[in-house]
Amino acid sequence: MSSKFLGKGLAELNEEMGQMPDISVLAGTERIVVKQIPLAQISPNPDQPRKTFNQKELEELANSIKEKGVVNPIILRTVKNKPYLYEIVAGERRFRAAKMANLTEIPALVKTLDDKNAAEIALIENVQRENLNPIEEAEGYENLMKKCQYSLADVSKLISKSESYIRNLMRINSLPDSVKELIKEGKISASHARTIAVADNPEQMAHDIINNKLSVAETQKHVKNSNRSNSSRAFNKATLDKAYIAKIESKISTHLDANVKLREKRGGAGEFIISFANRIQMEDLVNKLSK
(Lines give C-alpha, C1' and ligand atoms only; values in the text may rest on other atoms or scores of the structure.)
Protein backbone atom coordinates (compact mmCIF):
# COMPACT_ATOMS: atom_id res chain seq x y z
CA MET A 1 0.00 0.00 0.00
CA SER A 2 1.24 3.49 -0.82
CA SER A 3 2.64 5.42 2.14
CA LYS A 4 0.12 8.20 1.54
CA PHE A 5 -2.60 5.94 2.96
CA LEU A 6 -0.79 5.07 6.18
CA GLY A 7 -2.46 6.38 9.33
CA LYS A 8 -5.62 7.46 7.57
CA GLY A 9 -8.97 6.59 9.12
CA LEU A 10 -11.78 4.81 7.28
CA ALA A 11 -13.73 8.04 6.79
CA GLU A 12 -10.69 9.75 5.23
CA LEU A 13 -10.08 6.78 2.93
CA ASN A 14 -13.72 6.80 1.83
CA GLU A 15 -13.46 10.50 1.08
CA GLU A 16 -10.25 10.07 -0.91
CA MET A 17 -11.07 6.77 -2.68
CA GLY A 18 -14.84 7.06 -3.02
CA GLN A 19 -17.54 4.62 -1.82
CA MET A 20 -16.11 1.22 -0.90
CA PRO A 21 -17.31 -1.43 -3.39
CA ASP A 22 -19.19 -4.60 -2.52
CA ILE A 23 -16.90 -7.45 -1.46
CA SER A 24 -17.39 -10.59 -3.54
CA VAL A 25 -16.11 -14.01 -2.43
CA LEU A 26 -16.42 -17.24 -4.41
CA ALA A 27 -17.30 -20.11 -2.05
CA GLY A 28 -17.73 -23.39 -3.93
CA THR A 29 -20.34 -22.80 -6.63
CA GLU A 30 -22.02 -19.90 -4.86
CA ARG A 31 -20.85 -16.31 -5.16
CA ILE A 32 -21.31 -14.66 -1.78
CA VAL A 33 -21.50 -10.88 -1.96
CA VAL A 34 -21.18 -8.58 1.04
CA LYS A 35 -23.19 -5.48 0.21
CA GLN A 36 -23.60 -2.16 1.96
CA ILE A 37 -27.38 -1.99 2.50
CA PRO A 38 -29.16 1.18 3.70
CA LEU A 39 -30.70 0.64 7.14
CA ALA A 40 -33.91 2.25 5.89
CA GLN A 41 -34.43 -0.66 3.50
CA ILE A 42 -34.15 -3.31 6.25
CA SER A 43 -36.91 -4.64 8.50
CA PRO A 44 -36.72 -7.11 11.42
CA ASN A 45 -37.76 -10.74 11.09
CA PRO A 46 -41.19 -11.29 12.71
CA ASP A 47 -40.13 -14.86 13.57
CA GLN A 48 -36.89 -13.76 15.23
CA PRO A 49 -36.33 -16.10 18.21
CA ARG A 50 -34.96 -13.25 20.34
CA LYS A 51 -37.77 -11.09 21.69
CA THR A 52 -35.84 -9.06 24.29
CA PHE A 53 -32.71 -6.97 23.77
CA ASN A 54 -30.57 -5.80 26.67
CA GLN A 55 -30.25 -2.01 26.36
CA LYS A 56 -26.85 -1.84 28.05
CA GLU A 57 -25.43 -4.55 25.77
CA LEU A 58 -26.81 -2.74 22.72
CA GLU A 59 -25.15 0.50 23.84
CA GLU A 60 -21.83 -1.32 24.32
CA LEU A 61 -22.14 -2.87 20.85
CA ALA A 62 -23.06 0.52 19.37
CA ASN A 63 -19.91 2.06 20.90
CA SER A 64 -17.82 -0.78 19.47
CA ILE A 65 -19.39 -0.22 16.04
CA LYS A 66 -18.60 3.51 16.22
CA GLU A 67 -14.97 2.61 16.85
CA LYS A 68 -14.46 -0.45 14.63
CA GLY A 69 -17.49 -0.62 12.34
CA VAL A 70 -19.65 -3.72 11.85
CA VAL A 71 -17.09 -6.53 11.79
CA ASN A 72 -19.48 -9.41 10.97
CA PRO A 73 -22.03 -8.79 8.18
CA ILE A 74 -25.66 -9.50 9.00
CA ILE A 75 -27.67 -11.93 6.85
CA LEU A 76 -30.66 -10.63 4.87
CA ARG A 77 -33.16 -11.99 2.39
CA THR A 78 -35.22 -10.05 -0.11
CA VAL A 79 -38.89 -9.38 0.61
CA LYS A 80 -41.24 -11.03 -1.88
CA ASN A 81 -42.56 -8.60 -4.52
CA LYS A 82 -40.50 -5.81 -2.93
CA PRO A 83 -37.03 -6.09 -4.52
CA TYR A 84 -35.62 -3.05 -2.70
CA LEU A 85 -36.61 -4.19 0.78
CA TYR A 86 -34.82 -6.76 2.94
CA GLU A 87 -35.72 -8.85 5.99
CA ILE A 88 -33.19 -9.76 8.67
CA VAL A 89 -32.42 -13.47 8.88
CA ALA A 90 -29.59 -13.16 11.39
CA GLY A 91 -27.98 -10.18 13.11
CA GLU A 92 -30.79 -8.03 14.52
CA ARG A 93 -28.61 -6.99 17.49
CA ARG A 94 -26.00 -5.63 15.08
CA PHE A 95 -28.74 -3.91 13.07
CA ARG A 96 -30.18 -2.20 16.16
CA ALA A 97 -26.74 -1.21 17.43
CA ALA A 98 -25.81 0.18 14.00
CA LYS A 99 -28.89 2.43 14.14
CA MET A 100 -27.89 3.58 17.63
CA ALA A 101 -24.42 4.34 16.26
CA ASN A 102 -26.07 6.57 13.63
CA LEU A 103 -24.89 4.46 10.69
CA THR A 104 -26.89 4.79 7.48
CA GLU A 105 -25.68 1.49 5.97
CA ILE A 106 -24.60 -1.91 7.20
CA PRO A 107 -22.59 -4.72 5.54
CA ALA A 108 -24.82 -7.68 4.77
CA LEU A 109 -24.94 -11.03 3.00
CA VAL A 110 -28.10 -11.09 0.88
CA LYS A 111 -29.25 -14.65 0.31
CA THR A 112 -32.22 -16.30 -1.37
CA LEU A 113 -33.94 -18.23 1.42
CA ASP A 114 -37.40 -19.69 1.93
CA ASP A 115 -39.20 -19.44 5.28
CA LYS A 116 -37.85 -22.81 6.42
CA ASN A 117 -34.19 -22.00 5.71
CA ALA A 118 -34.57 -18.53 7.23
CA ALA A 119 -36.04 -20.00 10.43
CA GLU A 120 -33.17 -22.50 10.65
CA ILE A 121 -30.45 -19.87 10.28
CA ALA A 122 -32.14 -17.46 12.70
CA LEU A 123 -32.40 -20.13 15.37
CA ILE A 124 -28.87 -21.47 14.88
CA GLU A 125 -27.27 -18.04 15.13
CA ASN A 126 -29.31 -17.06 18.17
CA VAL A 127 -28.70 -20.33 20.01
CA GLN A 128 -25.00 -20.51 19.22
CA ARG A 129 -24.03 -16.81 19.29
CA GLU A 130 -26.62 -14.58 20.88
CA ASN A 131 -27.29 -16.22 24.30
CA LEU A 132 -31.07 -16.48 24.20
CA ASN A 133 -32.89 -16.64 27.49
CA PRO A 134 -34.46 -20.09 28.19
CA ILE A 135 -37.96 -18.96 27.18
CA GLU A 136 -36.81 -17.62 23.80
CA GLU A 137 -34.74 -20.74 23.19
CA ALA A 138 -37.62 -23.09 24.02
CA GLU A 139 -40.06 -21.10 21.88
CA GLY A 140 -37.51 -21.09 19.05
CA TYR A 141 -37.36 -24.90 19.05
CA GLU A 142 -41.13 -25.21 19.19
CA ASN A 143 -41.58 -22.70 16.37
CA LEU A 144 -39.07 -24.57 14.20
CA MET A 145 -40.83 -27.90 14.81
CA LYS A 146 -44.25 -26.48 13.98
CA LYS A 147 -43.25 -24.25 11.08
CA CYS A 148 -40.87 -26.70 9.40
CA GLN A 149 -42.62 -29.86 10.64
CA TYR A 150 -39.36 -31.06 12.17
CA SER A 151 -39.05 -33.89 14.64
CA LEU A 152 -37.11 -33.63 17.86
CA ALA A 153 -34.29 -35.60 16.20
CA ASP A 154 -34.20 -33.10 13.29
CA VAL A 155 -33.80 -30.13 15.65
CA SER A 156 -31.17 -32.01 17.67
CA LYS A 157 -29.09 -32.62 14.56
CA LEU A 158 -29.57 -29.04 13.33
CA ILE A 159 -28.31 -27.32 16.48
CA SER A 160 -25.94 -30.06 17.76
CA LYS A 161 -27.68 -30.44 21.12
CA SER A 162 -29.08 -33.65 22.58
CA GLU A 163 -32.74 -34.59 22.24
CA SER A 164 -33.05 -34.80 26.03
CA TYR A 165 -31.71 -31.23 26.38
CA ILE A 166 -34.27 -29.90 23.88
CA ARG A 167 -37.11 -31.96 25.33
CA ASN A 168 -36.41 -30.82 28.88
CA LEU A 169 -36.07 -27.19 27.84
CA MET A 170 -39.35 -27.28 25.91
CA ARG A 171 -41.17 -28.23 29.09
CA ILE A 172 -40.84 -24.55 29.96
CA ASN A 173 -43.34 -23.66 27.22
CA SER A 174 -46.12 -25.21 29.29
CA LEU A 175 -45.53 -22.87 32.26
CA PRO A 176 -47.86 -19.94 33.06
CA ASP A 177 -46.81 -16.55 31.65
CA SER A 178 -46.19 -15.21 35.17
CA VAL A 179 -43.57 -17.93 35.74
CA LYS A 180 -42.01 -17.30 32.32
CA GLU A 181 -41.54 -13.66 33.29
CA LEU A 182 -39.63 -14.74 36.42
CA ILE A 183 -37.36 -16.84 34.19
CA LYS A 184 -36.75 -13.94 31.78
CA GLU A 185 -35.89 -11.71 34.73
CA GLY A 186 -33.42 -14.31 36.01
CA LYS A 187 -35.27 -14.80 39.30
CA ILE A 188 -35.48 -18.56 38.75
CA SER A 189 -33.13 -20.63 36.61
CA ALA A 190 -33.96 -22.78 33.60
CA SER A 191 -33.14 -25.87 35.70
CA HIS A 192 -35.67 -24.78 38.33
CA ALA A 193 -38.21 -24.06 35.59
CA ARG A 194 -37.83 -27.49 33.97
CA THR A 195 -38.33 -29.09 37.37
CA ILE A 196 -41.54 -27.27 38.30
CA ALA A 197 -43.03 -27.65 34.80
CA VAL A 198 -44.45 -31.03 35.86
CA ALA A 199 -45.96 -29.70 39.09
CA ASP A 200 -49.67 -29.13 39.59
CA ASN A 201 -49.10 -25.54 40.77
CA PRO A 202 -45.88 -24.27 39.16
CA GLU A 203 -46.68 -20.63 39.98
CA GLN A 204 -46.75 -21.29 43.72
CA MET A 205 -43.59 -23.38 43.48
CA ALA A 206 -41.80 -20.61 41.60
CA HIS A 207 -42.49 -18.22 44.46
CA ASP A 208 -41.38 -20.90 46.96
CA ILE A 209 -38.07 -21.15 45.12
CA ILE A 210 -37.54 -17.38 45.32
CA ASN A 211 -38.75 -16.89 48.90
CA ASN A 212 -36.98 -19.92 50.35
CA LYS A 213 -33.94 -19.80 48.04
CA LEU A 214 -34.43 -23.45 47.13
CA SER A 215 -31.71 -25.28 45.22
CA VAL A 216 -32.60 -27.37 42.17
CA ALA A 217 -32.19 -30.56 44.24
CA GLU A 218 -34.51 -29.18 46.93
CA THR A 219 -37.02 -28.17 44.28
CA GLN A 220 -36.94 -31.66 42.78
CA LYS A 221 -37.77 -33.15 46.20
CA HIS A 222 -40.54 -30.61 46.66
CA VAL A 223 -42.07 -31.51 43.26
CA LYS A 224 -41.71 -35.25 43.89
CA ASN A 225 -43.75 -34.97 47.08
CA SER A 226 -46.48 -32.80 45.53
CA ASN A 227 -49.25 -33.38 42.99
CA ARG A 228 -48.14 -33.81 39.39
CA SER A 229 -49.75 -32.01 36.46
CA ASN A 230 -51.34 -34.02 33.66
CA SER A 231 -50.73 -31.34 31.07
CA SER A 232 -47.50 -29.60 32.01
CA ARG A 233 -45.08 -31.70 29.97
CA ALA A 234 -44.62 -30.26 26.52
CA PHE A 235 -44.70 -33.69 24.89
CA ASN A 236 -47.47 -35.42 26.85
CA LYS A 237 -49.88 -34.66 24.03
CA ALA A 238 -49.31 -35.36 20.35
CA THR A 239 -47.25 -32.67 18.62
CA LEU A 240 -48.32 -33.66 15.09
CA ASP A 241 -51.85 -32.93 13.91
CA LYS A 242 -54.01 -35.68 12.41
CA ALA A 243 -53.94 -34.25 8.88
CA TYR A 244 -50.13 -34.21 8.82
CA ILE A 245 -49.94 -37.78 10.19
CA ALA A 246 -52.40 -38.94 7.51
CA LYS A 247 -50.28 -37.23 4.84
CA ILE A 248 -47.12 -39.02 6.04
CA GLU A 249 -48.90 -42.39 6.23
CA SER A 250 -50.30 -41.96 2.72
CA LYS A 251 -46.96 -40.95 1.26
CA ILE A 252 -45.07 -43.93 2.70
CA SER A 253 -47.92 -46.37 2.03
CA THR A 254 -47.91 -45.36 -1.64
CA HIS A 255 -44.14 -45.68 -1.89
CA LEU A 256 -44.03 -49.12 -0.25
CA ASP A 257 -47.37 -50.36 -1.59
CA ALA A 258 -48.30 -51.46 1.93
CA ASN A 259 -50.40 -50.30 4.84
CA VAL A 260 -48.38 -47.94 7.09
CA LYS A 261 -49.37 -46.39 10.41
CA LEU A 262 -47.50 -43.68 12.35
CA ARG A 263 -47.67 -43.85 16.14
CA GLU A 264 -46.33 -40.85 18.06
CA LYS A 265 -44.94 -41.31 21.58
CA ARG A 266 -43.95 -38.98 24.38
CA GLY A 267 -40.66 -37.15 23.96
CA GLY A 268 -40.95 -36.70 20.21
CA ALA A 269 -40.31 -40.40 19.61
CA GLY A 270 -42.59 -42.72 17.65
CA GLU A 271 -42.79 -45.68 15.34
CA PHE A 272 -43.97 -46.70 11.90
CA ILE A 273 -46.03 -49.88 11.75
CA ILE A 274 -45.86 -51.55 8.32
CA SER A 275 -48.34 -54.37 7.68
CA PHE A 276 -48.02 -57.12 5.06
CA ALA A 277 -50.51 -59.78 3.97
CA ASN A 278 -48.14 -62.62 3.11
CA ARG A 279 -44.53 -63.71 2.81
CA ILE A 280 -44.29 -62.54 -0.79
CA GLN A 281 -45.28 -58.99 0.20
CA MET A 282 -42.89 -59.20 3.17
CA GLU A 283 -39.97 -60.07 0.87
CA ASP A 284 -40.97 -57.22 -1.44
CA LEU A 285 -40.94 -54.80 1.51
CA VAL A 286 -37.55 -56.06 2.69
CA ASN A 287 -36.12 -55.42 -0.78
CA LYS A 288 -37.59 -51.91 -0.94
CA LEU A 289 -36.44 -50.96 2.53
CA SER A 290 -32.97 -52.41 1.98
CA LYS A 291 -32.44 -50.08 -0.96
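A salt bridge here is a side-chain nitrogen of Lys or Arg within 4 Å of a carboxyl oxygen of Asp or Glu, and the structure holds 5 of them. This is a predicted model, in which local features need pLDDT of at least 70 and side-chain atom pairs count only at pLDDT 80 or more, while totals for chains, interfaces and linings use all residues. Residues are numbered from 1 along each chain as its sequence is written, and side-chain values use heavy atoms, leaving out hydrogens and water.

**View 1. Glu92 and Arg96 form a salt bridge.** Their closest N and O atoms are 3.0 Å apart. The two residues are about one helical turn apart because they lie 4 residues from each other in helix α3 (residues 92–100); helices are DSSP runs of H or I, at least four residues, numbered from the N terminus. Glu92 is buried, at 6% relative accessibility, whereas Arg96 is partly exposed at 34% (buried is under 20% relative accessible area, exposed over 50%, partly exposed in between, with a 1.4 Å probe and protein chains only).

View 2. Lys288 is partly exposed at 31%, and so is Asp284 at 33%.

**View 3. Here is the largest nonpolar core, with 32 residues.** Such a core is a set of buried Ala, Val, Leu, Ile, Met, Phe, Trp, Tyr and Cys residues joined through side-chain atoms within 4.5 Å. Tyr141, Val155 and Ile188 are among the members that touch the most others. Helices supplying at least two residues each include α4 (115–129) and α10 (202–212), and α5 gives the most, with 6.
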